[in-house]
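Please walk me through this structure.

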Amino acid sequence: MDTKMANPRSTFDDGHRSPLAGAYTFVCSRHWTFKTGSALLALILAMVCFAQWVAPYDPAAQDLINRLQPPSALHWLGTDHLGRDVLSRLMVGGQFAIAISAITVIITLVVGTLIGVVAGRAGGLIDEVAMRVVDLLISIPDVVIAIFLIGVFGPNYVTLILSLSLIGWTPYARLARGLAKEVNAREYIRAAEILGMKRSFVILRHIVPNTIRPIAAVSFLRFGHKLITVGGLSYLGLGVRPPNPDWGLMMAEAQPYLERAPILMIAPGAMIFLAALGVTWIGHGMEIERRGASSRVAANAEEAENASP
Amino acid sequence: MPKIILQRVTILVMMLFIVSVAAFCVPLLSDGDPARTILLSRVSDLDLAPEAVEAIRKELGLDRPLPVQYLSWLGAALQGDLGYSFASRQPVAAEIARALGVSIILALSALGAALLVALPLGTAAAMRPGGKIDGFTTLVIQTLVATPEYWFAPISILVFALWLGILPSAGWQGWESLVLPAMALMLRPMAYFTQVTRASMREVVAAPYITAARARGLSMNEAVVHHGLRNGSLPVVTFFALWFAGLLGGSVVIEVIFAVPGMGRLLYEAVVNNDVPVLQGGFVALVGLSILINTLADVLYVLFNPAMRGSHGH
């Protein structure tokens, strides 16, 4: 009793931590890029999620008398060509792009990891062919696939997500295959084999868990890439559809007023940039931690190799 | 060694086959009668006579079984006949050839400029690990990777075309119009090239032959420039091929912003005009070319590098 009274913190640490506090201490003990990236991403996510309640104006409300206003006390970032408040639209504008990118990342992550792990485990011809296919597919930009499918089927979110996933699994497959090869040589895998475990059990129970941390790091880096791709497609009018406010769409609408009101172009682009930077930093921080700071350069090179155009 | 090349070529042919089947079949999956669509594109009359639709179906052989249709389409495509554009009524192959030329120039200038920055920067960062240049490089790389090129592009138009008035804001005439699009496109490849250069140069700097060169009295810089640069830049060369293939079609947004008549804009306009033959042809050309370039780069790498005889470098 006395010892407990003397050190109340230990009881606090031993089990009564809220998940939020747990997440906080987790984040605080990480690499600085991970911390900064998480803060940035949390800020943007909070803004996007609570925009409906926080936004100063209705993002769709038009006010044609006050169109293309410069930033002022009433409209912190001015108004657009229909007199809508830019700040309010920025706050709401990430919803679709972030959701689409997140769904794509999850689909490609699962598919890619499974293909990579199975190839790495199977070895031989299957492995050889699968990895050659990955090498060839990885350089195809997903924009080309997206434009082909959207051109044929028309713009809709299912086609968009499908077309971004079609090639998107390749970096995960390459990484997971390499990791599976490493794990294959471990003794506990031999033990499981000798014990007569099923093939699927060995893969799911022993190999997949070993791939989770590196795959998570890459998935954050890919998330940034997807955000930029989705934004670009929205810019072309092939991604997020009006009347939903979206960063890419806002940039497309701002193009005719580039000289008169550059902030209409700069602000939404900056949001995409900050969101992409946030997740890139998270992924980078995770990658550095996994390998230790000494092999930071190798981590960087692997990031580059797993990045496709 | 011939075995590896044979295997690469087998997979290449297999992949090209899959791509061609996809390009042929996907448009069939969309709703709408192809014969009707084609006729509509010719006469632009919404009230089509059923006999006319049937006639065009016969004329174009759309009543034949699918495999036969595919083979005749493939046969024509292999001879360079990809049909006619719905929108311009020009042969698709000719339009693609024209656009591809523009995209190749754009991609090569963007990647060339990226290399010009990345090789010295990556090397300098590798010479002093943890130094000022190294830290600065890391920061630059992360910023560039996260920069949407379609954000950089309008800002560069604003600064260089509208405010300073020294470069054209759009179009495709003369080298001046090449500068801004190439600048926007070089950002991300530059970041990745720098990363790869830094990693491979870091290995080179620590290699025994550099120590040997230093022992002979060369300065560090001399040793690296004379003995290390060639080895260190080899991985960058393979990387170059990957990005070259990727940028041919991956520059859609930039080509649209700058009104550059390349592959990206051709595809974009095909989507806007619902021009299926151009979409099909463009897709086959871009994806096929990208697979071809990568196989070529890989075969060359194997040929010049007997140490790479194993299947994979991982």
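Two residues are in contact if their C-beta atoms, placed from the backbone, lie within 7 Å. The model shown here is predicted. On that basis, 51 residues of chain A are in contact with 49 residues of chain B. On the chain A side, the elements that give two or more residues are α8 (124–137), α9 (142–153), α13 (199–235), α15 and α16 (296–305) of chain A. The largest share of that side comes from α15(A), with 10 residues.

Helix α15 of chain A covers residues 263–291, and it packs on helix α14 of chain A, residues 247–254. The angle between them is about 160 degrees, and their axes are 8 Å apart. An angle over 145 degrees counts as roughly antiparallel. α14(A) and α15(A) are therefore roughly antiparallel to each other. The crossing of α14(A) past α15(A) is left-handed. From α14(A) come W247(A), M250(A), M251(A) and A254(A). They meet L264(A), M265(A), P268(A), G269(A), M271(A) and I272(A) in α15(A). This contact has 9 nonpolar residues, 1 polar and no charged.

The spacing of such contact residues has a simple background. An α-helix has 3.6 residues a turn, so residues three or four places apart point the same way.

Now move to chain B. Helix α7 (residues 149–163) and helix α8 (residues 176–205) of chain B cross at roughly 145 degrees. Their axes come within 9 Å. Is the crossing of α7(B) and α8(B) left-handed or right-handed? The crossing is right-handed. On α7(B), the contact is made by E149(B), F152(B), A153(B), S156(B), I157(B) and F160(B). On α8(B), L180(B), M183(B), A184(B), L185(B), L187(B) and R188(B) take part. The contact of α7(B) with α8(B) divides into 9 nonpolar residues, 1 polar and 2 charged.

Helix α1 of chain B runs over residues 2–29, which is 28 residues. From first C-alpha to last, α1(B) reaches 40 Å, close to the 40 Å expected at 1.5 Å a residue. Which residues of α1(B) are buried? L12(B), M15(B), S20(B) and A23(B) are. The cover over the buried residues of α1(B) includes α4 (66–78) and α14 (276–304) of chain B. That cover also includes α8 of chain A, one of the elements on the side of chain A that touches chain B.

Notes: Residues are numbered from 1 along each chain as its sequence is written. Chains are lettered from A and ligands numbered from 1 in the order in which they are written. This is a predicted model: local features need pLDDT of at least 70, side-chain atom pairs count only at pLDDT 80 or more; totals for chains, interfaces and linings use all residues. Axes are lines fitted to C-alpha atoms, for helices over the stretch in contact, and angles run from 0 to 180 degrees between N-to-C directions. Helices (H or I, at least four residues) and strands (E, at least two) are DSSP runs, numbered from the N terminus. Angles under 35 degrees count as roughly parallel, over 145 as roughly antiparallel, 65 to 115 as roughly perpendicular and the rest as oblique. A crossing is left-handed if the near helix is turned anticlockwise from the far one by less than a right angle, and right-handed if clockwise. Ala, Val, Leu, Ile, Met, Phe, Trp, Tyr, Cys and Pro count as nonpolar, Asp, Glu, Lys and Arg as charged, and the others, Gly among them, as polar. The expected span of a helix is 1.5 Å times one less than its number of residues. A residue is buried if 20 or more other C-beta atoms lie within 10 Å of its own, exposed if 12 or fewer, and partly exposed in between; C-beta atoms are placed from the backbone.
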